[in-house]
Amino acid sequence: MILACQGICKSFGDKVILKDASFHIEEREKAALIGSNGAGKTTLLRIIMNELPADSGNVVLAKDRRIGYLAQYQDIQGHLTIYEELLTTKQHILDMEQRMRSMEQEMKHAKGEELERLMNAYTRLTHEFELENGYAYKSELTGVLKGLGFTEDDFGQAVETLSGGQKTRVALGKLLLSRPDILLLDEPTNHLDMESIAWLENYLLNYPGAVFIVSHDRYFLDKVVTKIIEIEGGHLSSYQGNYSVYAEKKAQLRDAQYKAYLNQQREIKHQEAVIVKLKSFNREKSIRRAESREKMLNKIQRIEKPAEIRTQMRLSLEPRTVSGNDVLTVEGLAKSFPGQPLFRDVSFQLKRGERVALIGSNGTGKTTMLKILNGLLEADRGNFSLGAKVQIGYYDQEHHVLHSDKTIFQEISDAYPSLTETEIRNMLAAFLFTGDEVFQEISSLSGGERGRVSLAKLMLSEANFLILDEPTNHLDIASKEILEEALNSYTGTVLYVSHDRYFINQTATRILELTNCSVVNYIGDYDYYLEKREELTEKYAPIQAEKEAPAETISENKLTWQQQKEEQALKRKQENELKKTEKRIEELEARDKEIDETLVLPDVCTNAARCAELSREKEAIQKELEELYEKWEALA
């Protein structure tokens with residue numbers, strides 16, 4: 001055991017956050033702390049780090065063990081560059097290297113016993129230097145920086161000029177390089193793109209110490225952790241396994257608890273009815289029996305009714321009108337900013353009912369693309385058109401569609417003046433804004449609260465084409481699952497940008513990746529994208545040479561969007577056909593074997609008519625199998 005919390009209690013005023021919270025983390029264990037927003041996850045991490053005092057209870061860290069903590073928000077100051085800031089974690093190696101250089105100079109002039117002493121000391125020092133990975137610290141540092149999404153051009157940037165998200169990535173890099181015995185990470189994937197998250201997953205899987213993570217990224221949790229610790233109603237519960245295993249166990253446990261509660265309630269009502277009946281007889285014996293049953297009933301340990309599964313927001317999306325089949329057509333779209341080309345000659349189409357995820361590394365132009373489609377930015381070249389009866393509903397990750405000087409109530413009532421006060425309050429209650437909370441100013445809300453207001457506006461819009469920019473940002477896991485259900489039952493069309501791979505897997509019918517200034521189409525979910533990414537990127541969006549070929553040459557050599565889409569659709573069709581063929585071959589071979597076994601049965605082999613019938617069936621099977629074998633060879 002490397003870390004343990006024993007009976008931690010914490011309240012803020014009347015609000016109880018943690019009640020007798022206890023758990024432990026083993027050496028090298030990878031564990032996650034999950035719970036809804038406001039459940040107390042960050043509070044618990046701060047208590048562990050001694051930044052907040054617990055009302056009662058103890059935190060125990062194993063002797064001579066170092067703990068490292070990454071908070072959600074970082075404010076690194078100073079004039080160092082990004083590279084120099086991370087280099088500070090290797091100061092002990094730099095000092096050793098300096099001592100080695102000094103000793104090398106001394107050995108040039110030393111003789112006899114002095115030389116022997118220096119050589120022995122130098123051997124010990126070089127051995128220690130090697131154990132500390134001293135010969136590879138520069139490549140290790142560069143690897144971490146690149147893994148976290150910094151390019152070599154970024155290495156020389158001053159830390160004080162960075163955004164909050166970039167500073168958090170620098171802080172994460174420093175923490176990983178300092179290699180504490182246990183890492184405490186509060187939402188480490190918040191400011192990382194998909195490639196960086198995948199890199200961090202591999203890094204943490206191979207990390208020699210223990211890891212304790214707070215995260216809402218379910219795909220990340222599935223990959224990294226082997227234990228889930230859940231905060232619910234101030235209590236902690238531990239589950240062995242990753243997030244998917246936890247979700248299954250949790251559902252089973254909740255179901256069992258609810259059934260036990262219902263069974264006990266039925267038994268209590270039954271006993272109460274029997275007691276009333278016995279008392280109504282008004283005889284000494286029946287009254288004594290009623291009293292006896294009452295005593296037994298009072299001794300029963302009552303099972304608490306399990307908390308409602310959906311205590312979070314309630315979301316239902318439905319378009320007012322049905323759009324035409326062609327929802328969006330994009331042709332030859334291009335956009336760049338000074339010194340930063342984003343994309344060029346991008347073409348694609350969206351059909352009614354599709355749910356398309358637009359993905360790509362940070363800086364590839366995903367949000368810019370959405371802003372162009374919403375008319376908030378002009379494209380440099382190309383055009384797009386909307387289909388018949390298409391009405392757009394836009395969710396902006398920066399919530400620019402909200403007015404910071406208005407209250408939540410005013411934001412909704414001004415946007416939808418036909419709604420009554422009761423209708424607005426009911427709508428906001430569905431998004432967890434009740435009572436006087438509806439009169440809070442937008443400017444005073446957290447990111448998650450602004451997200452809920454934006455989703456409420458989106459739901460009221462009754463649009464048939466939703467364009468969503470990072471809709472799961474700031475949402476807890478339960479709220480993400482509600483949004484997933486709403487989108488999957490939505491009959492309109494959806495185009496969204498997201499880094500949440502689990503969310504993409506649950507909702508996307510197609511993926512568009514912006515890469516190398518082009519767009520690549522994947523007819524499938526995120527797992528399909530991972531499987532085909534290398535092959536299709538090379539084919540449809542190879543890295544352009546420094547000097548661009550003339551536009552005419554590029555368009556001649558490049559497969560059109562339609563060709564790309566048709567080729568992939570054909571390939572998926574062939575793959576499905578291959579699976580069907582293999583299944584049919586297995587069925588026929590099994591039936592052929594079954595006929596052979598049937599033909600030798602005593603009551604069959606003496607029955608001429610039955611033998612003839614089975615022989616004809618066997619002949620037909622052989623003929624169909626020959627055709628299927630040929631078809632399989634062609635498809636395979």
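This is a predicted model: local features need pLDDT of at least 70, side-chain atom pairs count only at pLDDT 80 or more; totals for chains, interfaces and linings use all residues.
I count a contact as heavy atoms within 4.5 Å. Residues are numbered from 1 along each chain as its sequence is written, and side-chain values use heavy atoms, without hydrogens and water.

**Tyr239**

I looked up Tyr239 in strand E9, residues 235–240. Strands (E, at least two residues) and helices (H or I, at least four) are DSSP runs numbered from the N terminus. Is Tyr239 buried or exposed? Tyr239 is buried, because its relative accessible area is 9% and the cut-off is under 20% (1.4 Å probe, protein chains only). Leaving out residues up to four places away in sequence, I find Tyr239 touching Lys227, Ile228, Glu230, Tyr246, Lys249, Lys250 and Leu253. I also checked Thr226: 13 residues from Tyr239 in sequence, 8.7 Å away C-alpha to C-alpha.

**Asp396**

Asp396 sits in the loop between strand E14 (392–395) and helix H12 (408–415). Asp396 is buried but has no salt bridge (side-chain nitrogen of Lys or Arg within 4 Å of a carboxyl oxygen of Asp or Glu). The nearest side chain of opposite charge is Lys371, 5.8 Å away. Beyond four places in sequence, Asp396 touches Val401 and Asp469.

**H6 and H7**

I then took helix H6 (residues 164–178) against helix H7 (residues 194–205): angle about 20°, axes 12 Å apart. H6 is therefore roughly parallel to H7 (angles under 35 degrees). Leu172, Leu176 and Leu177 of H6 meet Trp199, Leu200, Tyr203 and Leu204 of H7.

Key. Buried means under 20% relative accessible area, exposed over 50%, partly exposed in between (1.4 Å probe, protein chains only). Lys and Arg count as positive and Asp and Glu as negative; His and the chain ends are not counted. Axes are lines fitted to C-alpha atoms, for helices over the stretch in contact, and angles run from 0 to 180 degrees between N-to-C directions. Angles under 35 degrees count as roughly parallel, over 145 as roughly antiparallel, 65 to 115 as roughly perpendicular and the rest as oblique.
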